[in-house]
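Colleague: I would like to go through this chain and ask what stands behind each term.
Modeller: Here it is.

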Amino acid sequence: MAIDFDRAARRLNDPKQGEREAALRDLYELKTEAAIILMGEKVVADRSKSVRLLAANLLADIGGEKAVGFFVKALKDPEIEIRKTAITALGPVADADTCRKVLLPLLENRLVEIRKTAIDALCHCPNMDSETEARFLDFLKERLESSDKDERLEALTELSSFKTGEIIDLIGNKIFKDRSKAVKEKAAEILAFKFGGEEVKDCLLRALTSKNLEIQKVTVIYLGTVADGEICKDILLPLLGHDSDQLKATAIAALSNRYKEMDEESRAHYVSFLENNFASDDRDIWSFSVRALTLIDPENYIDRFIDKLTVKTRLPDILDKGEGWYWNYPEIYRVEMPGLINIIIDHADQEQLEKIIHILSLRIETTPVDGFNFYGSIAANILNNFTKSFRAAEIFAIFKRCLLQASRNQDMTAWVGSLAFLAGGYFSFHDNTPISEEELQNHLWIKQNLNPTIELFKELLQKQ
């Protein structure tokens with residue numbers, strides 16, 4: 001039903017607070033200039049704090065130059081939440097004068113919450129003139145040298161809105177000179193992940209000499225986005241022999257991203273290392289090695305991976321261990337297998353996929369209920385990424401068995417995963433494909449079982 005502007009305008013003066021709030025929501029939907037003006041008037045004039053705050057939030061969501069004057073007036077509101085909402089809303093829409101005359105002075109406000117909100121608003125102000133920006137940056141630089149660690153951390157985040165050579169140097173110096181481990185790591189993360197690019201390369205290459213493992217890992221991840229053949233050979237490849245398995249695994253991933261940049265000698269060295277670790281019992285080394293080999297040469301390594309899946313997941317042998325078997329299961333296969341199979345299925349052919357599905361089907365039939373979530377997630381990943389529908393009915397049957405057995409065992413985790421798949425995911429790729437009789441029967445099965453199963457779930461939820 002269309003919203004009546006005149007009726008909404010009249011309701012803004014209703015003595016009932018709920019009516020005025022409903023009128024504001026109607027005006028928000030209209031978003032016309034006249035509606036914005038009426039909402040702005042409520043930001044600064046309504047007798048109810050709740051109505052003023054709602055008007056401020058709705059108007060902030062709309063934004064635009066028309067709202068600026070109302071937000072400036074709202075800075076005098078006695079309620080701090082309304083003032084903070086107004087300050088935040090001004091950031092993206094304030095003109096140069098408003099930034100300089102209204103927002104910048106708030107950096108000296110006696111209330112910490114107001115100062116922090118003003119800092120955030122200025123960081124998101126695109127119309128700041130050069131004079132205001134210079135004064136604001138001087139303020140942030142002072143915070144960067146504060147004796148308070150938390151204030152220095154905040155200043156790093158705030159300065160990350162300004163990617164200049166000077167700011168890169170300031171943040172980079174914090175990696176080496178700050179006394180706080182957290183500040184050093186934050187500085188490295190900003191350079192690597194917020195800034196990135198060639199401009200920060202020299203600073204982060206220096207950071208690789210740090211004794212801080214987290215900074216080393218951040219630097220290696222960054223190098224995985226920019227390293228040339230020389231850096232791969234001289235810096236990343238030697239890290240494969242590092243004492244830290246975490247750094248070694250990170251180097252494996254970085255090198256897989258830069259494989260095309262390596263010369264033939266470096267590639268041979270890298271692949272030899274990966275093959276030697278294909279059967280490693282260290283989770284990180286094994287998983288990153290398998291990922292890398294599969295991406296580099298899927299034709300040669302997918303079958304080996306499937307053999308590993310078949311051999312290493314001998315559930316009948318594990319079932320004898322009784323309750324708790326799942327948590328005694330080798331962690332690399334519980335945690336990494338779904339993600340690795342996601343990579344495999346992007347490159348596998350029909351025969352290879354059938355092998356994986358066959359393994360899953362056997363596992364579901366022989367697995368106690370608390371293992372369903374593990375194998376169910378693999379089956380869901382296969383179907384969600386699978387563009388050939390010839391295996392859909394078989395995977396549907398796996399989930400159907402999973403749902404029925406989970407319901408009998410009152411296992412909510414397995415039940416939710418199976419139901420979500422059945423109710424939402426099964427026909428997502430059938431938009432332009434005729435539905436077979438078998439698929440139609442599956443559709444009917446969902447309809448017949450969905451409502452009663454939901455009722456079961458509600459009962460289980462109430463018992464928790």
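The questions below take up the terms one by one.

Modeller: This is a predicted model, in which local features need pLDDT of at least 70 and side-chain atom pairs count only at pLDDT 80 or more, while totals for chains, interfaces and linings use all residues. Residues are numbered from 1 along each chain as its sequence is written, and side-chain values use heavy atoms, with hydrogens and water left out.

Colleague: Why are Cys 99 and Cys 125 called a disulfide?
Modeller: A disulfide is a pair of cysteine sulfur atoms within 2.5 Å. The sulfur atoms of Cys 99 and Cys 125 are 2.3 Å apart, so the pair meets the rule. By this rule the count comes to one disulfide.

Colleague: What parts does the pair tie together?
Modeller: Cys 99 lies in helix H7 (residues 96–103) and Cys 125 in the loop between helix H8 (112–123) and helix H9 (130–144), so parts 26 residues apart in sequence are tied together. Helices (H or I, at least four residues) and strands (E, at least two) are DSSP runs, numbered from the N terminus. On that basis the chain has 27 helices and zero strands.

Colleague: Is Cys 99 buried or exposed, and how do you know?
Modeller: Buried means under 20% relative accessible area, exposed over 50%, and partly exposed in between, with a 1.4 Å probe and protein chains only. Cys 99 has 0%, so Cys 99 is buried. Cys 125 has 10% and is therefore buried. Cys 123, at 15%, is buried as well, and Cys 203 counts as buried at 13%. Of the 464 residues of the chain, 48% count as buried.

Colleague: What makes a set of residues a nonpolar core?
Modeller: The set must consist of buried Ala, Val, Leu, Ile, Met, Phe, Trp, Tyr and Cys residues joined through side-chain atoms within 4.5 Å. The largest such core here has 100 residues, and those with the most contacts inside it include Leu 103, Phe 136 and Ile 171. Helix H12 (residues 181–195) gives the largest share of this core, seven residues.

Colleague: Which residues does Ile 171 contact, leaving aside neighbours within four places in sequence?
Modeller: Contact means heavy atoms within 4.5 Å. Ile 171 is in contact with Leu 156, Leu 159, Ala 187, Ile 190, Leu 191 and Phe 195.

Colleague: Why does Thr 117 count as buried?
Modeller: Thr 117 is in helix H8. Its relative accessibility is 10%, so Thr 117 falls under the 20% limit. Not counting residues up to four places away in sequence, Thr 117 touches Lys 84, Ile 87 and Thr 88.
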